[in-house]
Amino acid sequence: MPLLPSVVTSSSGSLINARKRALELYKLWYKAAPDVVELYYLDIPTRRVRQRIRQEFEKNRNINDVNVIDVLLFKGRIELEETINQWKQITHVLQYFEEPFAKKPETFMEKFLNSNSS
């Protein structure tokens, strides 16, 4: 896989242009998913990598501020460059696939029940 060249940061100007740029970035990530699995020797199927990419983009779907979208696009492009150019360690890539920590019990009853179950 050839190195992903850096691009000059630019402003979107309008919400329509920002959405178009976000879609272009999503397509770049989507196409790069098989390469990420191969480059980092991941024991994760490509479809799971693509699902995780989709989740990250869906998380920011309802943002309507053009400046915020531009910052997110910049960060997304940097992440893509670092990933494809192998400037990350495998642990940095795997952190996107870790399950969140279990919620700690808060009430007395939850603590009590949790302590008796183990």
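Modeller: Start with D70, which is buried at a relative accessible area of 11%. Buried means under 20% relative accessible area, exposed means over 50%, and partly exposed lies in between (1.4 Å probe, protein chains only).

Colleague: What kind of model is this, and how are residues numbered?

Modeller: This is a predicted model: local features need pLDDT of at least 70, side-chain atom pairs count only at pLDDT 80 or more, and totals for chains, interfaces and linings use all residues. Residues are numbered from 1 along each chain as its sequence is written, and side-chain values use heavy atoms, with hydrogens and water left out.

Colleague: How far apart are the end C-alpha atoms of helix α3?

Modeller: Helices are DSSP runs of H or I, at least four residues long, and strands are runs of E, at least two; both are numbered from the N terminus. The expected span is 1.5 Å times one less than the number of residues. Helix α3 has 19 residues (66-84), so it should span 27 Å; its end C-alpha atoms are 27 Å apart, which agrees.

Colleague: Which residues of α3 are buried?

Modeller: An α-helix has 3.6 residues a turn, so residues three or four places apart point the same way. In α3 the buried residues are V66, I69, D70, L73, G76, R77, L80, E81, T83 and I84. They cover an arc of only 165 degrees around the axis, which puts them on the same side of α3. That arc is taken from the directions from the helix axis to the C-beta atoms. On the other side, N67 and K75 are exposed.

Colleague: What do the buried residues of α3 pack against?

Modeller: They pack against α1 (15-39). Contact here means heavy atoms within 4.5 Å.

Colleague: How many salt bridges are there?

Modeller: Side chains of opposite charge can pair when their charged atoms come close. A salt bridge needs a side-chain nitrogen of Lys or Arg within 4 Å of a carboxyl oxygen of Asp or Glu. The whole structure has 7. One of them joins D70 and R21 (3.1 Å, N to O). D70 lies in helix α3 and R21 in helix α1, so this pair ties together parts 49 residues apart in sequence. R21 is partly exposed, at 22% relative accessibility.

Colleague: Which side chain meets R77 in a salt bridge?

Modeller: E81 does, at 3.5 Å, N to O. R77 and E81 are 4 residues apart in α3, about one helical turn. R77 is buried at 13% relative accessibility, and E81 is buried at 5%. Elsewhere, salt bridges that share partners join R52, E56 and K59 into one network.
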